[in-house]
Amino acid sequence: GELDVNQFQHLVYLAEYNVANGGDIVPLGSTAIYPLGLYSQEYDSVDDIQDGDTVVVPDDDSNQARGLLILQSAGLITLKDGGTIYSTLADIDEDASRVEVKAIKADLTPTSLPDVAAAIVNNDFVEKAGLRFEDALATDDPEDPNALPYVNVFAVRAEDRDDPTLLKLVEIYQDTQAVQDGVQEVSGGTAEMVEIPQDELQTALDKVEADTAAQQ
């Protein structure tokens with residue numbers, strides 16, 4: 001109630017807030033997705049990773065599930081239920097997967113690289129670990145429906161979803177080159193700008209909220 005609009009969260013975060021607090025915050029428009037990456041010191045391509053190799057993912061719930069979805073998209077594992085934002089190591093179909101996956105603390109994933117085939121490394125730790133974003137072997141695909149929950153959005157109270165002034169803010173963000181350049185500058189060139197219709201964002205949020213509620 002103190003602000004009319006914010007822009008800092010992806011749909012998973014927003015869904016968790018709404019479910020936990022009985023909130024009715026809704027997406028107004030999309031901004032960008034900041035792809036999570038798979039890195040390796042041993043291999044230059046996902047195809048080079050050997051069957052039976054060990055790959056690590058962060059152990060926190062959100063990034064673990066997201067990391068597993070990336071590994072599945074890269075053809076390294078298969079998730080029994082096709083994968084959700086709540087997938088865990090227990091959901092891996094080991095017989096249908098190429099690699100063994102272990103979960104460790106997020107800040108340890110980059111330092112594990114000398115000992116494993118590859119690791120999902122949170123963006124906050126990439127440059128600190130001497131890695132380069134462009135060297136990721138695989139990342140979320142913004143076109144993949146499984147990546148939609150991780151798109152960042154402008155968010156507003158439900159009664160303001162059609163506010164013309166706030167919608168103009170989204171238009172300026174999405175259509176102004178200076179803004180786009182600024183986003184790339186502060187993100188180290190990692191942002192993937194996306195323009196997703198408001199109704200599609202809402203449908204995705206509704207699904208994530210339902211999945212979130214089912215976990216509680």
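Here are some questions and answers about this predicted model.

Reader: Glad to be here! Which element gives the largest share of the largest nonpolar core?
Author: That core has 22 residues, and Leu38, Ile49, Leu68, Leu71, Leu76, Ile77 and Val101 are those with the most contacts inside it. Two or more residues come from each of β5 (54-58), α2 (61-73) and β7 (118-121). The largest share, four residues, is given by α2.

Reader: How many residues are in the other core, which lies apart from it?
Author: Ala15, Val151, Leu201 and Val208 are among the members of this other core. In soluble globular proteins, nonpolar side chains tend to be buried together. The number of residues in this other core is 20.

Reader: Is Asp95 buried or exposed?
Author: You can find Asp95 in the loop between α2 and β6 (100-104). Its relative accessibility is 79%, and the cut-off for exposed is over 50%. Asp95 therefore counts as exposed.

Reader: How far apart in space are Asp95 and Ile77, C-alpha to C-alpha?
Author: Ile77 is one of the residues with the most contacts inside the largest nonpolar core. Along the sequence, Asp95 and Ile77 are 18 residues apart. In space, their C-alpha atoms are separated by 9.3 Å.

Reader: Let's turn to helix α4. Why do its buried residues line one face of the helix?
Author: The buried residues in α4 are Leu166, Val170, Tyr173 and Gln174. The face turned away from them carries the exposed residues Pro164, Thr165 and Asp175. Looking down the axis of α4, the buried residues line one face because they fall within an arc of 95 degrees.

Reader: And at the start of α4, which residue has a side-chain oxygen that reaches to the backbone nitrogen of Thr165?
Author: Helix α4 covers residues 164-175, and Thr165 is one of the exposed residues on the face turned away from its buried side. The oxygen reaches to within 2.9 Å of that nitrogen, and the residue it belongs to is Asp163.

Reader: What kind of aromatic pair do Phe8 and Tyr13 form?
Author: Phe8 is partly exposed at 47% relative accessibility, and Tyr13 is partly exposed at 44%. Their ring centres are 5.4 Å apart and their planes lie at 80 degrees. Planes over 60 degrees apart meet the cut-off, so this pair is edge-to-face.

Reader: Which helix holds Tyr173, the partner of Phe154?
Author: Phe154 and Tyr173 form an edge-to-face pair, with 90 degrees between the planes, and both residues are buried. The pair links distant parts of the chain, 19 residues apart. Phe154 sits in strand β9, while Tyr173 belongs to helix α4.

Terms used
Residues numbered from 1 in each chain as written. Predicted model: local features only at pLDDT ≥ 70, side-chain atom pairs only at ≥ 80, totals over all residues. Heavy atoms only, no water. Core = buried A, V, L, I, M, F, W, Y, C linked by side-chain atoms within 4.5 Å. Buried < 20%, exposed > 50% of the residue type's maximum accessible area, 1.4 Å probe, protein only. Expected span 1.5 Å × (residues − 1). Arc of directions from axis to C-beta. Polar contact = N/O pair within 3.5 Å; in protein donor to acceptor, adjacent residues only side chain to side chain. Phe/Tyr/Trp six-rings, centres within 6.5 Å; stacked < 30°, edge-to-face > 60°.
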